[in-house]
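Subject: Structure handover

Hello,

Here is the structure for your files. Please open it alongside this note.

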Amino acid sequence: MIIAAPRLPRPSEAALHRVRQTLAARIGPSRILDGDGVSAFGHDESEVAGVLPDFVVLAESEAHVAATLEIAQAEGVPVTPRAGGTGRTGGAIPVGGGVVVATAGLARIKEIDRANMVAVVEPGVVTRAFHDAVEAEGLFYPPDPNSLHNCMLGGNVANNAGGPRALKYGVTGDYVLGLRAVFMGGRTMFVGRRTPKGVTGYDLTSLLVGSEGTLGVLTELTLRLRPKPPVVRTLLGLFDSVHACGAAVTALFHAGHVPRALELMDEGSLEAVRNQGAAVDPRARALLLLELDGHERAVEEAVDHVGNLLHGAAGSLEVLAAQDASQRDRLWDARRALSPATKKLARFKLSEDVVVPRSRIADLLREVDAISEATGVRTLTYGHAGDGNLHVNFLWNDPSERERVDSAILALMRSTVSLGGTLSGEHGIGVTKAAYLPLEHTPELVALQEDLKRTFDPKGLLNPGKIFPSRGHGSC
Ligand code: LAC
Ligand code: ZN
C-alpha cells in the first residue's frame, strides 16, 4: 500500500455501540459482521492503505440500507457504501471507520423489459452476469469495465465506470435512466425515469451517477439497453512505436471510423503481456486492439477499410484479425489482465486514468516521455486511445524514488489539464486524486460541490474523506 488514507476523527465507542445495538434489533444480528469478518471490507483494488470499519452491515434489502443510514445519522457515525470493492481510487475504503454498508446482497435482476429495452436491477449484480442475462434476450448493455467479472453495477454507477466499449457506446452514466437511493437519515427516493426522453426537474440522476457514494447509497438501477449488434470483428495492429499508434488513431477518425473499441498498448505494456506468455511479434513495440460491430456487410466493409488504412497510411508492421470467438476472447483476456500484469514489472506501481481530447493523444504521449526523462521514473502507458483515456503507469523499485514519482504524477496531471483534458476518465477521484482536483476545478467549483454535499449529507457522514482536496491523501 503506497498511498496513505486521510486521517479523520473516529466515531466514539459509545456511539458505535448504540448504532450496533439498535441496528441489530431492527435488521437482525446475523446481518451485522464484526471482529475478523470485517477485514475483507477495509480495502479496494487501489494502492490506498486499508482502514478497517468498526462493523459491516450485510444489506439484503433497501430497508436494511435505510435503517443503517437512519441510525448512523442519529448517532453521528460515518457510513461507507460498498458494492464489488473493485474500485481503483480508495472510494470504498472506510477512512473514518464506522460502518460499511455492503450492497452485494442486493443482487437481483428484477426485470428485463424487451419491448422498451430497459432493465431494473439491484446494485449487487455482477456486471458480467448482467451482460449474459441481457444478451440471452438479444439485447446489449455496452459498459464493460475491465473488472467486469467481479465488479458490480452499483459501483459502476457510483463511479460512472467506463471501459473499452465506451468509445462507440458511451459510459455507464449514459445508460442510467433512473435509480433508487437512500440518503443519510434514511430517506429513500426514486430519481429519474424509465423512458429514453424526460426533462422534468433537475437531472439528479446525473448528479448521483459518479458521486462516488458520497451523496446517497444506490439500491436499485433502471438501465437503458440496446439491441445486440449481430456481428463483431476484432483486429490487432502492430506498430514499431507508440507514436505511430497515436497517429493511426487520428487517421482512423479522420477516415470516419468509430470502432466500438480502440485500445493502445506501448512497449512496456507489451512486455507485461509477453511475460504472461502471449506470443506477440518481437518487432512490435506498440499495438492497437480494435473492434468493429454492426450488421455483417457494413462491418466487413469497415474491416477492409481499416485494415488497408493501418497497413498503408498508418504504417503498421502487421494487421491481424481474430478468426473466431476464442481468438477474440484470448485477445481481450490479455487486455483485461494488463493492469495486474504490469504490477509484476516492478515492486511499486501507481496508475492514472487521465483523458485528453483525442487529437492530443500524440502530445500526451510526448509529455509522458518528457516527464519520465525529467524525473527518471519509468512509465508505461496503455488504455482507451479512442477516448483519449490513457492509463499512465509509474513503476519503481526503491522506496527512495517515491518523491520523484509524486512529482512525475503531478506533472502528468498538469500536462493533462493544459492539453484540455481531465484527471480521471473512469476511476473517479476517491482518495488517490483528491489532492489534484484543484488543478482542474476552481475553488468556487469545489465550494459549490461541497454545498451540494451538505444538502444531501449535512453532517458529512456518508463516505467521508473522498473527492474533495481538503481531505486528500499523503504519501506513505
Ligand atoms: C483498464 C482499467 C485499469 O482499462 O481501467 O484496464
Ligand atoms: Zn481503463
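Predicted model: local features only at pLDDT ≥ 70, side-chain atom pairs only at ≥ 80, totals over all residues.

Residues are numbered from 1 along each chain as its sequence is written, chains are lettered from A and ligands numbered from 1 in the order written, and side-chain values use heavy atoms, without hydrogens or water.

The zinc ion (ligand 2) has His-384 (NE2), His-391 (NE2) and Glu-426 (OE) as its coordinating residues, at 1.8 to 2.1 Å. Donors here are N, O and S atoms within 2.8 Å of the metal (3.2 Å for Na, K and Ca); water is not among the atoms, so sites may look incomplete. Along the chain the spacing is H-x6-H-x34-E. His-384 lies in strand β19 (residues 378–384) and Glu-426 in the loop between α13 (402–418) and α14 (437–440), 42 residues apart. Helices (H or I, at least four residues) and strands (E, at least two) are DSSP runs, numbered from the N terminus. His-384 is buried at 1% relative accessibility, and Glu-426 is buried at 10%; buried means under 20% relative accessible area, exposed over 50%, partly exposed in between (1.4 Å probe, protein chains only).

An oxygen atom of ligand 1 lies 2.8 Å from a side-chain N or O atom of Arg-335, and one lies 2.9 Å from such an atom of Glu-426. The protein buries 93% of the 220 Å² that ligand 1 exposes when taken alone (Shrake-Rupley method, 1.4 Å probe).

Cys-245 is buried, at 0% relative accessibility.

Regards

Conventions: Polar contact = N/O pair within 3.5 Å; in protein donor to acceptor, adjacent residues only side chain to side chain.
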